[in-house]
Protein chains: 2
Amino acid sequence: MQHSYALLATRLKAAIRSGQYPVGERLPSVRELAAAHAVSVSTATRCYRQLEREGYADARYKSGMYVADWKALRQARAMAPAAAATAAAATAAATSAAATATSPAAMEYERLASLQHRMTQLYALTAQPLPLALHLASAAPEWYPCDALARLAQRHLRHHPLALGAYPSGTGLPAFKAELIAHLATCGIDAAPGDVLITNGATEAMQIALRSVARAGDTVIVESPVYFGLLQTLENLGLRALEVPCAPGQGMSLEALEYALEHQPDVRAIVVMPTFQNPLGDCMPDAAKQRLLKIAQRHDITVIEDDAFGDLGHKTDRPPALKAWDRDGRVIYCGSCSKSMAPAFRLGWVLGGRRQRQLESLKISSSLAAPLLEQQVLADYMKSGKLPAHLRKLRTRLASVVPLARDSVRQHFPAGTRARGPEGGWWLWLELPEPLDTLALLRAAVGRGISYTPGALFSATGKYAHCLRLNIARPWTPALAAGLRALGEAARLAQADAPRQPGRKDAPRP
Amino acid sequence: MQHSYALLATRLKAAIRSGQYPVGERLPSVRELAAAHAVSVSTATRCYRQLEREGYADARYKSGMYVADWKALRQARAMAPAAAATAAAATAAATSAAATATSPAAMEYERLASLQHRMTQLYALTAQPLPLALHLASAAPEWYPCDALARLAQRHLRHHPLALGAYPSGTGLPAFKAELIAHLATCGIDAAPGDVLITNGATEAMQIALRSVARAGDTVIVESPVYFGLLQTLENLGLRALEVPCAPGQGMSLEALEYALEHQPDVRAIVVMPTFQNPLGDCMPDAAKQRLLKIAQRHDITVIEDDAFGDLGHKTDRPPALKAWDRDGRVIYCGSCSKSMAPAFRLGWVLGGRRQRQLESLKISSSLAAPLLEQQVLADYMKSGKLPAHLRKLRTRLASVVPLARDSVRQHFPAGTRARGPEGGWWLWLELPEPLDTLALLRAAVGRGISYTPGALFSATGKYAHCLRLNIARPWTPALAAGLRALGEAARLAQADAPRQPGRKDAPRP
C-alpha cells in the first residue's frame, strides 16, 4: 500500500520536474496543500518531508517551502558511481561506510551562512552523493590504524563481553587517562588523572569550557578566520564572538588582541587554536604563545585552547601547547582523537585547570559519561607503543600532498588566487580574486561533484566571501587532481561572469 | 624518584592517621601548607589532590580542605574482597570492569546535596570500593544481551575495520534509525527518519531539549520527587525548577500542575517521566497522559518527555508514550538504550516535533555526532528480532525482585517505613519515619558496604530528607538480602539516636 503522503509527493515531484514549479519558487503552504488535495495537514507535512529528503524542496525558517536546486543534485548523483570506480578500493569501502552513516537530509544553500545552521548545513552537504567531498574534517580512512584498533576492540569484546552491560560513570577510564597523560607530556603538559576529563570529542570539551566561563550575552574573543563550528556553538549558547584577525604565520595577532581587550570590557575568554589553526594551518610561535598567556594574565581572562590539530605538524617536532606554559590554571585545554588517531571514536579530553570541578559537573549534565569501549581500545593502542610511528607517518603523508595541491591551484585557478599552505593539519586556505563569491560558486562545484567550505562561514561578519577552505587530507590521486582542476575551472567561469568591482572596502584580507 | 608532593602527602596522611588532624577538621590552606614545608604552591596543590584521591581529604567549595571520613572508607575497602567472593562470578567480572571504569575521585558527603554537584558526587560515591552499590542507575550486567552485542560488534569490526577511520556526521545511522522507528511504533509513536536525532544518551537529549525551549533565568516545571540528574542539568543551564508533586500511582498531579500554571506565568516547559518515573516507578494512566497534553496545549507550553524506563514495565503491555498522542509537535520525546538494551553504549534519541531542526543544531554544537560502531551494533541486534524476547525477560526479572525486597524492608527497617513499589523500572522508594535523615545515614551505610541515593537529592527544596531510593535491579542473592538487612539495622540505630521531634511541617510526603 502506498501512503497518501507518498502519492502526493509523487504528484508534486512530477510538477517540479515539468517546470510547473521552477527552482527557487515558493511552494504552497502545508495548509494550502492539504486543502487543495483534500488530505490532512499531517499528510501534507509528511509529503514535504519526503520532498526535502529527496532534494526537491528546501524548508526556509519561518518562510515556508521552496523548490530546491534538484537538477544540480541529480547531476552529482549521476557522477558518483563513475568516480567511485576510479578511487582506490580501500577508500571506496570507507567512503561507502561514511555515506551510509549520514541521513539523506536535504542541503539548503540559503541557510549555509546562517550562524545557527552553518555546521548543520555542511553536514547536509555531506549527505549529498559527492565523489569528492573536501568540505569537512575527515581525512582518508586508510591513513588511520584501523586494523590495529579493530583487532584490539575485537580482543576486548571477546574477553570482556559483560563490560557492555556496565553503565559508564566517572571522568574517564583510568587506563586511558594514564596513556593520555603520557601523550600530553609530549605536548609539554604535566597532568595528573584528576586534571583530565574525558568528553564526547573536542566539540563537547569546547562546549562545556565555554559554559564554564560565560553566560548568554557575554563576549568571547575568537580568531578570524575561525572554525565555523565554534561560531555555531557560540550562537547556540547566546555568546557574542569578537573576531580578532590572524597574522600570517603567527596565529591570532597579539597587537590586535591587546587593542581589542583595551577597548572591549567584560571579555570572558579568549578562544584560540594556537597550533595548526583551522582554517589557516598556521602555528603560533612559542614566544607568541607565552606572550598571549601574559596578556591573558594581565587582563585576568581565561584562555580556551583547542588543540585538535596539534599533533599534525608537517615539520619534525611537536610544538608545545599553550597549556605547557600555564602556571595558574588559566588555560582550559581541549584535545581530541578524531584527527590524529581514530576518527570514528568521538573521544576528546579537557584539562580545565582551576575550573576542573565545574567542567566535571557540566559534562555530567551535558551527556553523562563517554563510552568505555572506545576508551579501552585507545588505551590498549597507545600502550602498545605504536602511536608515535603512526603520527610520523600521518604527518609525512599530509605534508606530501601540500605542494601538489598548491601546484594545481597555481595552474588551474583564476590568476591572483593565493594559497595559504598549512604548517600542520590538512587545510588549504585559498583567497580568490574579489568579488568572487565562493558561497555562490559552491552550487556549481557540487554540480561538478566537488565540495569545499565557503570562506563566508569562517566569520560572523561576512568577511572571507572570496575565500574557501579545502580538505586535502587524502592520497594524491588522478581523481583529486581532476577535481581540483574542475573546481579551478568553475572558479574561472564564475570570475568571468562576475560584475567587475574595484575591490570591496568591507572585506579585509585575513 | 618520589615526587615532593608525594613525600608531603605521605607526611600529611601520617598526621591524619595519628589523629593530629581529626575527621572534619579544616586542613592548612594551600599557601599555608606550601610556606610551612618550603615547597611551591603547585606542589602543595598536588599533595592535596593526592589526599583527595586516597580519600583522606575533602575539598569544600570556596572553603578549603577538610579531613575526610577516611576510617569509614577503609572499612568499606576492607569489606570489599569478602563480598566480591560471595557474588556470582559473572557479576564479579562485570563489577570489576565497572570499577576500573571509574576514577578514584574522593567522595564529598558535604557536597552531595549541592545542586551543581549532586550527580558528580554520586559518581564519586561509585568510585568507592562498595560491595553493594545501589545508588546509581546500573542494573546487573548479566541481564543484558552482552554476548549477542559483543558478537555483532566483533563481526562488524572484522568486516569493516576501515569504518573506524570514517568521521561520523549527520543525525544518526540510517540503519539504526530504521530499527528505532519500528521500536517506537510499539510505544505508539509514528516517526519518519527526519523526525529522529541520535544523541549521546538521554542525558544529552534532555540537555538539548531544555536548551531549545528555555534560556537562563527561565522556569520549567518538573515532578517532585524528581531525578537528581535533571536538577543538576537545570542548575547548570541557569534554569529554575518548579516542583509539582506526584500523586501515588498517577505521576505528576494534574490538579497541582493546573494550579501551578495558573499562578506562575512564563513557564517554558513541563518536564515529565510519565512512564515508570524515576524515583517513584509510577506510570501515569493513559487518560492522565492525554489530559496532561491538553493542559499543555491550553497554556501553549512544550512538554519534554523522558521515556528512559518506558520499556521496563513489570506488567505485560508497553504503555503508550505521551508522545503517542502528540498531534501538534509539542512533545519533545527523549529515549535511551542504557536501561533497556545496552548500558555501555551511551546512545539516546530525541524526537523534537516542531523543534527538530533547532535540536539538530544544538546537538552538533554540543558534541557533533554520536559514535557509529554502537549504532551499527544496536541496529544489527534490533534487526535480528531478539529485542522483544530480551525485554520480556528483563521485565520478568525486575518484577521478581520487588516482593522480596519489600519483604526485607518490612522485616528489617524501622517500624513505619513505607515502600513505594515500582510498576516499572528498578527503584524502590522508601519513606522512613521522620526525622530520620538519610543523608546522614549514608555514611553509616557506606561503612557497612552498602549505598543508596538519599531522598534529599530528589528535590531542590530540601524535601524527602527522610526518604531514600534503592536500585534493586539485580538477582536476589544472599549478599543483597544481607545488605538490605544491614541497611535496615543502620536505619534503626540512627532512629534510636535521632532527637524526637513531633513531625516537620516543611517536609510534606510525596
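Reader: At roughly what angle do the axes of α13(A) and helix α6 of chain B cross?

Author: This is a predicted model. The axes of α13(A) and α6(B), the latter covering residues 118-127, come within 8 Å. Angles of 65 to 115 degrees count as roughly perpendicular, and α13(A) is therefore roughly perpendicular to α6(B). The crossing angle is roughly 95 degrees.

Reader: Which residues of α6(B) make the contact with α13(A)?

Author: On the side of α13(A), the contact is made by Glu360(A), Ser361(A), Ile364(A) and Ser365(A). By class, the contact of α13(A) with α6(B) has three nonpolar, three polar and one charged residues. From α6(B), the partners are Met119(B), Thr120(B) and Tyr123(B).

Reader: Which element gives the most to the side of chain A that touches chain B?

Author: The contact takes 83 residues from chain A and 83 residues from chain B. Among the elements that give two or more residues to the side of chain A are α3, α5, α7 and α13 of chain A. The residues on this side divide into 42 nonpolar, 30 polar and 11 charged. With eight residues, the element that gives the most is α7(A).

Reader: Which residue of chain A comes closest to the rotation axis?

Author: Two copies of a chain are related by a rotation about an axis and a shift along it. Here chain A is superposed on chain B by a rotation of 180 degrees with 0.0 Å of shift along its axis, at an RMSD of 0.1 Å. The two copies are thus related as by a two-fold rotation axis. At 2.5 Å, taken at the C-alpha, the residue of chain A that comes closest to the axis is Gln154(A).

Reader: What percentage of the contact residues of chain A recur in chain B?

Author: A rotation of 180 degrees superposes chain A on chain B. The same surface serves both copies. The share of contact residues of chain A that recur in chain B is 100%.

Reader: What percentage of the residues of chain A count as buried?

Author: Chain A has 17 helices and 16 strands. Among its contacts between residues at least 6 apart in sequence, 74% join residues at least 24 apart. Of the 510 residues of chain A, the share that counts as buried is 56%.

Reader: How do α8(A) and α14(A) pack, and what is the hand of their crossing?

Author: Helix α8 (residues 174-185) and helix α14 (residues 372-383), both of chain A, have axes 8 Å apart and pack at an angle of about 45 degrees. The helices α8(A) and α14(A) are therefore oblique to each other. The crossing in which α8(A) passes α14(A) is left-handed.

Reader: Which residues of α8(A) meet α14(A)?

Author: The residues met in α14(A) are Gln375(A), Gln376(A), Leu378(A), Ala379(A), Met382(A) and Lys383(A), and those in α8(A) are Ala175(A), Phe176(A), Glu179(A) and His183(A). By class, this contact of α8(A) with α14(A) has five nonpolar, three polar and two charged residues. The residues asked for in α8(A) are Ala175(A), Phe176(A), Glu179(A) and His183(A).

Reader: Is Phe176(A) buried or exposed?

Author: Phe176(A) is in helix α8 of chain A. Not counting residues up to four places away in sequence, Phe176(A) touches Ile198(A), Gln375(A), Leu378(A) and Ala379(A). Since a residue with 20 or more other C-beta atoms within 10 Å is buried, the 26 C-beta neighbours inside 10 Å make Phe176(A) buried.

Reader: Why does Asp266(A) count as exposed?

Author: Asp266(A) is found in the loop between α11 and β8 of chain A. Asp266(A) has a positive phi of about 65 degrees although it is not a glycine. Asp266(A) counts as exposed because of the number of C-beta neighbours inside 10 Å, which is 9.

Reader: Is Phe276(A) buried or exposed?

Author: Phe276(A) is found in the loop between β8 and α12 of chain A. Phi of Phe276(A) is near 65 degrees, a positive value in a residue other than glycine. With 27 C-beta neighbours inside 10 Å, Phe276(A) counts as buried.

Reader: Which residue does a cis peptide bond join to Glu434(A)?

Author: Most peptide bonds are trans. For this cis bond, omega is about 5 degrees.

Notes:
Residues are numbered from 1 along each chain as its sequence is written. Chains are lettered from A and ligands numbered from 1 in the order in which they are written. This is a predicted model: local features need pLDDT of at least 70, side-chain atom pairs count only at pLDDT 80 or more; totals for chains, interfaces and linings use all residues. Axes are lines fitted to C-alpha atoms, for helices over the stretch in contact, and angles run from 0 to 180 degrees between N-to-C directions. Helices (H or I, at least four residues) and strands (E, at least two) are DSSP runs, numbered from the N terminus. Angles under 35 degrees count as roughly parallel, over 145 as roughly antiparallel, 65 to 115 as roughly perpendicular and the rest as oblique. A crossing is left-handed if the near helix is turned anticlockwise from the far one by less than a right angle, and right-handed if clockwise. Two residues are in contact if their C-beta atoms, placed from the backbone, lie within 7 Å. Ala, Val, Leu, Ile, Met, Phe, Trp, Tyr, Cys and Pro count as nonpolar, Asp, Glu, Lys and Arg as charged, and the others, Gly among them, as polar. Copies are superposed by least squares on the C-alpha atoms of residues with pLDDT of at least 70 in both. A residue is buried if 20 or more other C-beta atoms lie within 10 Å of its own, exposed if 12 or fewer, and partly exposed in between; C-beta atoms are placed from the backbone.
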